[in-house]
Amino acid sequence: MRKINDYYSQRAKKEKYPARSVYKLSEIQEKFKILGKGDSVLDLGCFPGSWSLYAAEVVGPKGIVVGVDLQQAEQIPRPGGAPIHWLCADIMEPEMIVQVRRIRPAFRVLVSDLAPRTTGNRWADAQQSLALVRRTLEVAEVLLLNRGNYVCKVFQGEDFPEFVEGLKERFAMVKVQKPKSSRVESREVFVVAMGFIGVAPEAASSRGL
Ligand SMILES: C[S@@+](CC[C@H](N)C(=O)[O-])C[C@H]1O[C@@H](n2cnc3c(N)ncnc32)[C@H](O)[C@@H]1O
């Protein structure tokens, strides 16, 4: 176990990513190809910035990445990658959507590695995580383009199956993944949903969503 974790931490250091979590997204990308060249990507809970850096490399110079976190990220994008806009904001606040829209009105891909501060109380932690996850879906409803893709980290609690069922009504394909680089003892899993059945963001905006 420890050996595997050491492997990913050391690899992140060597490949100059600020967090080992980058390999969770890269594994998902290798399997599902959720990111394509030229895509626009919204990364919720982006600090310290590994997912955004990786996404920027995959989508390339014609793409764009907007990373949002309570903490200000400051990573410099790699040469040949997409530009990255780091936004310091609380995703629970309506103002966050306004700030993101000033940079980009809609996105092809929304990814979220959001994690609440854990309290040690499993039930409370799962509830808090679910509140963040539900919010990412609200954000998707207004900022994700029709047929867009969505990846979200979830700490499994009793409401988890209901959440996944709800997603199946909004996306053409939904899968639950536990990447190899995710610690075995962690209750985190990643929901990968592709083919958003959405209202065009402009329409959502005019409906006041
Ligand atoms: C596991 S870290 C993300 C790591 C990141 N994916 C990477 O690869 O560098 C989870 C992040 O979620 C952020 N977060 C938690 N609640 C948030 C909120 N309400 N609004 C914005 N960010 C939040 C935390 O500040 C934390 O940086």
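This is a predicted model: local features need pLDDT of at least 70, side-chain atom pairs count only at pLDDT 80 or more; totals for chains, interfaces and linings use all residues.

Trainee: How many salt bridges does the count come to?
Mentor: The count comes to 8 salt bridges, where a salt bridge is a side-chain nitrogen of Lys or Arg within 4 Å of a carboxyl oxygen of Asp or Glu.

Trainee: What is the N to O value for K24 and E188?
Mentor: The side chains of K24 and E188 form a salt bridge at 2.9 Å, N to O. This pair links distant parts of the chain, 164 residues apart: K24 lies in helix 2 (residues 22-32) and E188 in strand 7 (residues 188-196). Helices (H or I, at least four residues) and strands (E, at least two) are DSSP runs, numbered from the N terminus.

Trainee: And are those two buried or exposed?
Mentor: K24 is buried at 9% relative accessible area, and E188 is buried at 5%. Buried means under 20% relative accessible area, exposed over 50%, and partly exposed in between (1.4 Å probe, protein chains only).

Trainee: Which residue does D113 pair with?
Mentor: D113 forms a salt bridge with K153, with the closest N and O atoms 2.9 Å apart. D113 sits in the loop between strand 4 (107-112) and helix 5 (122-143), while K153 is in strand 5 (residues 144-155), 40 residues apart. Both D113 and K153 are buried. K24, D113, K153 and E188 are linked in a network of salt bridges.

Trainee: Changing topic, how much space lies in the largest pocket?
Mentor: About 720 Å³ lies there. A pocket is an open set of points on a 1 Å grid over the protein atoms alone, where a 1.4 Å probe fits, with protein on both sides within 12 Å along at least five of seven lines; lining residues have an atom within 4 Å of a point.

Trainee: Which residues are closest to its centre?
Mentor: Of the 33 lining residues, the closest to the centre of the largest pocket are D69, D113, L114, A115 and P116.

Trainee: Which element gives the most to the lining?
Mentor: Helix 5 gives the most to the lining of the largest pocket, with 3 residues.

Conventions. Residues are numbered from 1 along each chain as its sequence is written. Side-chain values use heavy atoms; hydrogens and water are left out. Grid points are joined across faces, edges and corners, and a volume is the space filled by probe spheres set on the points.
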